[in-house]
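Reader: I am new to protein models. Could you show me how to read one, feature by feature?

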Amino acid sequence: MFLRLPKIDGEIKLRWSRDLPSRPSSVTVMLHADGTYEASFVVKTEPKPAPKPRHNACGIDMGLESLASIVYSDGTREKVAPLRALRKAERRLRKLNKELSRRKRGSNNYSKTRQAKARLYARIGAQRRDLAYKLASKVAGENQAVTMETLCVKGLMRTRMGKSVADAAWSTFTDRVDALCAQWGRKAIHIDRWCPSSQVCSQCGRRDGPKPLNVREWECPNCGAFLDRDYNAALNILDAAGLAESLNARGGDVRRRLASAGRDAIAREAGTHRTAMPH
Ligand SMILES: [Zn+2]
C-alpha cells in the first residue's frame, strides 16, 4: 500500500505497523532523530468492551528482578519477568555508546554509529511502551480494583535502580492503567510512595526498617513469617488501600499463603506457581 500526501507528488512507499481499522480522518508525519519518517493516522474505532474481571482486587509491586509482582485478593499471585529482548537491546546500546566515543566526530563512521544508536533507542522505547501497555491491559482487565504504588521515577533514575525503573516504564504503565480503569469502570488506587512497603511485615505489621536491595526474602523477627520481598510489598500495597481486609474475613490462611515464601511454600507451590508474561 502507498500513501499519497497533499503537496507531495507521487506515492510514498511505507511499512504499515498495523492495519487501519477504518478510513483515517487525518495524518501526521514526523521526522525521527534516526532519519526515518513516521506517519500516524487518526481513525475512529468502536471502544473495546470491558473484559470480565477475574479478581476483586490486586496489589502490584514494581520490582527489580521481576518487572512486577502481583498479589490477587483471592490468594493467587504471580511475577512478571522482565523482557529478555529488552535487556539484550540495552546491552547493544551500551556497546554502541562506546563505539561512538571512539569514532571521530563528523566522520562518516561517526554519523553511521549515531544513526544506529538512534534507531536502537527508538526500538527500546517502543518495546518498553508496548510492555507497559500489555501489562496495564492485563491488570485493568482482570481486576475490579488495581492498587499500585506512586513512584518518584525521576528520583529513582539517578540511583542504581534507574535502569529497572526505566525498564518498567512505570509512569507509562500507571497512566495506562488509570485510563483503562476509567474506560472499563474499574478502580485504580494509588498508594503514596512513602508507604514503607518493604519495611513492614505483611503478616503482623511489624516495621523493622529498610533492607538492602539484595535481601530478597527474610523471616519476620516478630511473627516468624517467611517473607518474599516482592510479594510482601505487593500485599502491603493491597493492604494500604484497605483491600486486603477481605482476606482476613476469609481466614488468615489466605493472607499467610500470600506472603509466605518459606522454602516449604516454594516447594509446595512449585507446580502451580505462575511466572507469566502478560499476554
Ligand atoms: Zn511479622
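Author: We will look at a metal site and then at a pair of helices. This is a predicted model, where local features need pLDDT of at least 70, side-chain atom pairs count only at pLDDT 80 or more, and totals for chains, interfaces and linings use all residues. Residues are numbered from 1 along each chain as its sequence is written, and side-chain values use heavy atoms, leaving out hydrogens and water.

Reader: Which protein donors does the zinc ion have?

Author: Donors are N, O and S atoms within 2.8 Å of the metal (3.2 Å for Na, K and Ca). Here they are the SG atoms of Cys201, Cys204, Cys220 and Cys223, lying 2.3 Å from the zinc ion. Their spacing along the chain is C-x2-C-x15-C-x2-C. Cys201 sits in the loop between strands E9 (187-191) and E10 (217-219), and Cys220 in the loop between E10 and strand E11 (226-228), so this pair ties together parts 19 residues apart in sequence. Strands are DSSP runs of at least two residues, helices (H or I) of at least four, numbered from the N terminus.

Reader: Is Cys201 buried or exposed?

Author: Buried means under 20% relative accessible area, exposed over 50%, and partly exposed in between (1.4 Å probe, protein chains only). Cys201 is buried at 3%, and Cys220 is buried at 4%.

Reader: At what angle do helices H2 and H5 pack?

Author: Two packed helices are described by the angle between their axes and the distance between the axes. Helix H2 (residues 108-142) and helix H5 (residues 170-184) pack at about 35°, with axes 8 Å apart. Axes are lines fitted to C-alpha atoms, for helices over the stretch in contact, with angles from 0 to 180 degrees between N-to-C directions. Contact means heavy atoms within 4.5 Å.
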